[in-house]
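Me: I have a chain on the screen and want to learn to read it. Please take me through it feature by feature.

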Amino acid sequence: AQFHDFVIITFNSGGTGARPAKDGLDGTAFPSGVRTMPVEATENVAPVIFWKKELRPDSAGAGKTHALVKHYLELCLSGEDPAAYRHVLALTFTNKAAGEMKERVLGYLLDLAARRADHGAMADVMAHLQTHTGLEPATIAQRAERVLKHMLHHWGEVAISTIDAFTRRVVRPFARDLQLDHDLRMTTDQDHYLNAAVEALV
């Protein structure tokens, strides 16, 4: 088979936030206000298939971590494989957010396994999992215990990180071929690259 290089930039945007008298616009990027391109356009130009695209309720603001962890656990507990988390990639913008999400995942799994899900946030997690997986609480508890044990013994395979950390992880093996710094250090020095881009165009 013959392979071709491809480059793609995907903006997976949510809403713009609430306005004074109504909700924000759905599916638009903040602060640009530009709507997200259809997934069909992405699939047409790159070897990528989207199985699902949806707007997640409460996926922004103070409750976003709780909402995202519920969805993460749904994917991890839907099947019987305790290593299902290996097939789930969760990306966020900051190290703080990634760390908080990891803590929530472990805490929620521990509470589910110990069957402490009858009040507060855990009651909401259990209700979500029952609705979206069709499983009984006892089965959810058993699977949570198995996933938690497997996860703790293979912590390096838990793919919850920042976008830039994931990018470095993907690009680093090819740093030499791409003529990049092997350390792939992050920088905020925009002037250097702006000047380089102008010189390349002149």
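Me: How many helices and strands does the secondary structure of the chain come to?

Reply: First, some ground rules. This is a predicted model: local features need pLDDT of at least 70, side-chain atom pairs count only at pLDDT 80 or more, and totals for chains, interfaces and linings use all residues. Residues are numbered from 1 along each chain as its sequence is written, and side-chain values use heavy atoms, with hydrogens and water left out. Helices (H or I, at least four residues) and strands (E, at least two) are DSSP runs, numbered from the N terminus. Here there are 7 helices and 2 strands. Their order from the N terminus is α-α-β-α-α-α-β-α-α.

Me: Which elements have the lowest and the highest mean pLDDT?

Reply: pLDDT is the predictor's confidence in each residue, from 0 to 100. Where pLDDT is low, the predicted coordinates should not be read in detail. The chain has a mean of 81, and 75% of its residues reach 70 or more. Among the elements, helix 1 (residues 39-45) is lowest at 76, and helix 5 (residues 137-153) is highest at 97.

Me: At what angle do the axes of helix 2 and helix 4 cross?

Reply: Axes are lines fitted to C-alpha atoms, for helices over the stretch in contact, and angles run from 0 to 180 degrees between N-to-C directions. Angles under 35 degrees count as roughly parallel, over 145 as roughly antiparallel, 65 to 115 as roughly perpendicular and the rest as oblique. Helix 2 (residues 64-77) and helix 4 (residues 120-133) cross at roughly 45°, their axes coming within 10 Å. So helix 2 is oblique to helix 4. Contact means heavy atoms within 4.5 Å.

Me: How far apart are the axes of helix 3 and helix 4?

Reply: Those axes lie 11 Å apart, and helix 3 (residues 95-113) packs against helix 4 at about 80°. Helix 3 is therefore roughly perpendicular to helix 4. The contact uses Y108, D111 and L112 of helix 3, with A121, M122, V125, M126 and L129 on helix 4.

Me: Is D111 buried or exposed?

Reply: Buried means under 20% relative accessible area, exposed over 50%, partly exposed in between (1.4 Å probe, protein chains only). D111 has 19% relative accessibility, so D111 counts as buried. Across the chain, buried residues make up 28% of the 202 residues.

Me: Which residues does D111 contact, leaving aside its neighbours within four places in sequence?

Reply: R116 and M122. D111 itself sits in helix 3.
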